Amino acid sequence: MVFQFLWSLFVALVDVYAMTAHCSIQCLYFTKVLALGDWVTSFMTLSAACASAGITTFLDNNFNQCATNHCGKYEGAIAMAMLCWMVVSLSFYHSFWFMTMRFIHLTKSISFKLWIKWSK
């Protein structure tokens, strides 16, 4: 979750810089980095939440030690981790969709320019 926090802080700082400098961050390179970072943090968050859920279930079912290990708090943390995973997954989907649309737009404009050049 520390990596998720650092990634979110990095993206927030880039957004604040873009707003204060009045520059656009819609270049294809940055959207690739954003999609890749969101994809990595999404899978890391999902794996951490699933591992925590597995340990909690293991303690509850096999040892009946949930009363001494505060499983209720762990289950709440797991629910929040799953919620975080869903939000990060939506962010990945949005950045991936934006990256593909940007790539399609660039390739169409390049192919259109080449078509005009070759048709003359």
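Biologist: Which residues does the "signal peptide" annotation cover?

Modeller: The UniProt record, an unreviewed entry, puts it at residues 1-18. UniProt positions follow the numbering used here, feature names are shortened, and such annotations may be inferred rather than shown by experiment. Residues are numbered from 1 along each chain as its sequence is written, and side-chain values use heavy atoms, with hydrogens and water left out. This is a predicted model, so local features need pLDDT of at least 70 and side-chain atom pairs count only at pLDDT 80 or more, while totals for chains, interfaces and linings use all residues.

Biologist: What does the chain look like over residues 1-18?

Modeller: That stretch is 94% helix and 0% strand, with its end C-alpha atoms 26 Å apart. Helices (H or I, at least four residues) and strands (E, at least two) are DSSP runs, numbered from the N terminus.

Biologist: And which residues does UniProt list for "domain: Casparian strip membrane protein"?

Modeller: Residues 1-86, again in an unreviewed entry. Over that range the chain is 88% helix and 0% strand, and the end C-alpha atoms are 14 Å apart.

Biologist: What makes H22 stand out, given that it is not a glycine?

Modeller: H22 has a positive phi of about 55°. Most residues other than glycine have a negative phi. H22 sits in the loop between α1 and α2.

Biologist: How do you know whether T41 counts as buried or exposed?

Modeller: T41, in helix α2, has a relative accessibility of 1%, so T41 counts as buried.

Biologist: What makes T41 and Q4 a polar contact?

Modeller: A polar contact is a pair of N or O atoms within 3.5 Å; within protein, one must be able to donate a hydrogen and the other to accept it, and residues adjacent in sequence count only if both atoms are side-chain atoms. The side chains of T41 and Q4 make such a pair at 3.5 Å. A polar atom of the T41 side chain also lies 3.2 Å from the backbone oxygen of D38.

Biologist: Which residues does T41 touch, not counting residues up to four places away in sequence?

Modeller: F3, Q4, W7 and V88. Contact here means heavy atoms within 4.5 Å.

Biologist: Why is Q4 called buried?

Modeller: Q4, in helix α1, has a relative accessible area of 11%, so Q4 falls on the buried side. Beyond four places in sequence, Q4 is in contact with T41, T45, C84 and V88.

Biologist: How do you know whether C71 is buried or exposed?

Modeller: C71, in helix α4, has 2% relative accessibility, so C71 is buried. Leaving out residues up to four places away, C71 touches T56 and C66.

Biologist: What volume does the largest pocket have?

Modeller: About 160 Å³. The lining includes V11, D15, F30 and H94, and α1 (2-21), α2 (28-63) and α4 (71-119) each give two or more residues to it. On a 1 Å grid over the protein atoms alone, a pocket is an open set of points where a 1.4 Å probe fits, with protein on both sides within 12 Å along at least five of seven lines; lining residues have an atom within 4 Å of a point.

Notes
Grid points are joined across faces, edges and corners, and a volume is the space filled by probe spheres set on the points. Buried means under 20% relative accessible area, exposed over 50%, partly exposed in between (1.4 Å probe, protein chains only).
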